[in-house]
Amino acid sequence: MKIATWNVNSVNARLETVLRWFEAESPDIACLQEIKCVDERFPVEAFERLGYSVAVHGQKTYNGVALLSRTPLEDVVRGLPGDPDDLQARYIEAVASGPRAVRVASIYLPNGNPVGTDKFAYKLAWFERLRRRAGELLAFEDPVALLGDYNVIPGPEDVHDPQAWLGDALYQPQSRSAYRALQWVGYTDAYAAADGAPGGYTFWDYQAGAWPRDLGIRIDHALLSPIAADALKGVTIHRDVRGWDKPSDHVPVVVDLAL
DNA sequence: ATGGTAGACCTTCTA
């Protein structure tokens, strides 16, 4: 079973590119982030034609997440539990049903820049809510896969130049610690567990020639519950997609599970 | 030294 995550940076501006990738790779489940549209403007039919069930948690202009699955999506949760005042659409969770049911979430963690502002505080608070939710999910029978744009560079091997990112919210000690705390709850970073090599970047900025110079960072992650981690066969970063026409600044990451 | 690009949307914000 292949589960993908991809920050598409506007699903409508990128639809042709996104569909092209889905036709080539046909993941069983996919988690999209930064769809940048309200629910009504998500291209549901285009994905249904490819055989997917669709669940959307959209928002105007910013954020927005979605889940796609070849089996029906059940028990959909829109929005990260724990703060009714948080209106940003950054979390959707559901069970991809069937004989190999998986509980999956599409996560768009706050960026948090600049450090020292309420944006960074929001990032850390969101991380804490996610940790609590992740703990709750371990009580369910189904394996759990939490995929998305975590906006965290886990370690120095995940960035072209650690020094250049020291002041950035994505590489703050608190951000990295919060990401590790998710693993202490009982989740496994799929890329690390699959012996992913250093330099497995998933994001290259549009600016300053970051892509041709390979100035990338690894911030799109898959965290797996124990049963899911036991079934891990491999992780593939679809790096070549960054070189396509009209690319997102993120590329798809696919985890392959023996489920 | 404070740029450089992309998307949504309406003038600036977010990344």
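Trainee: Where is the place of Ala208?

Mentor: Ala208 is in the loop between strand E10 (203–204) and strand E11 (216–217). Helices (H or I, at least four residues) and strands (E, at least two) are DSSP runs, numbered from the N terminus. This is a predicted model, in which local features need pLDDT of at least 70 and side-chain atom pairs count only at pLDDT 80 or more, while totals for chains, interfaces and linings use all residues. Residues are numbered from 1 along each chain as its sequence is written, and chains are lettered from A and ligands numbered from 1 in the order in which they are written.

Trainee: Why is Ala208 called exposed?

Mentor: A residue is buried if 20 or more other C-beta atoms lie within 10 Å of its own, exposed if 12 or fewer, and partly exposed in between, with C-beta atoms placed from the backbone. Ala208 has 9 other C-beta atoms within 10 Å and is therefore exposed. Its phi is near 60°, a positive value in a residue other than glycine.

Trainee: What makes Asp214 partly exposed?

Mentor: Asp214 has 13 other C-beta atoms within 10 Å, so it is partly exposed. This residue is also found in the loop between E10 and E11, and its phi is near 55°, again positive in a residue other than glycine.

Trainee: Why is Ile217 called buried?

Mentor: Ile217 has 25 other C-beta atoms within 10 Å and is therefore buried. Ile217 lies in strand E11. Two residues are in contact if their C-beta atoms, placed from the backbone, lie within 7 Å. Not counting residues up to four places away in sequence, Ile217 touches Ile153, Asp158, Val159, Leu170, Tyr201 and Phe203.

Trainee: Which residues of H3 are buried, and what puts them on the same side?

Mentor: The buried residues of H3 are Lys123, Trp126, Phe127, Leu130, Ala134 and Leu137. They cover an arc of only 110° around the axis, which puts them on the same side of H3; the arc is that of the directions from the helix axis to the C-beta atoms. Exposed residues Asp118 and Glu136 are carried on the face of H3 turned away from its buried side. Among what covers the buried residues are E7, strand E8 (144–149) and helix H4 (173–185).

Trainee: What makes E8 largely enclosed?

Mentor: Six of the six residues of E8 are buried, so the rest of the structure largely encloses this strand.

Trainee: How do you know that E7 and E8 pair?

Mentor: Two strands pair if DSSP finds at least two bridges between them. E7 and E8 have six bridges, in the parallel sense, and Tyr108 stands opposite Asp149 in E8.

Trainee: Why are E5 and E9 called edge strands?

Mentor: The open sheet of six strands has the order E5-E6-E7-E8-E12-E9, with mixed pairing. Strand E5 (73–78) and strand E9 (188–189) are its edge strands, each pairing on one side only. E9 is joined by two bridges to strand E12 (residues 220–224), and the two run antiparallel.
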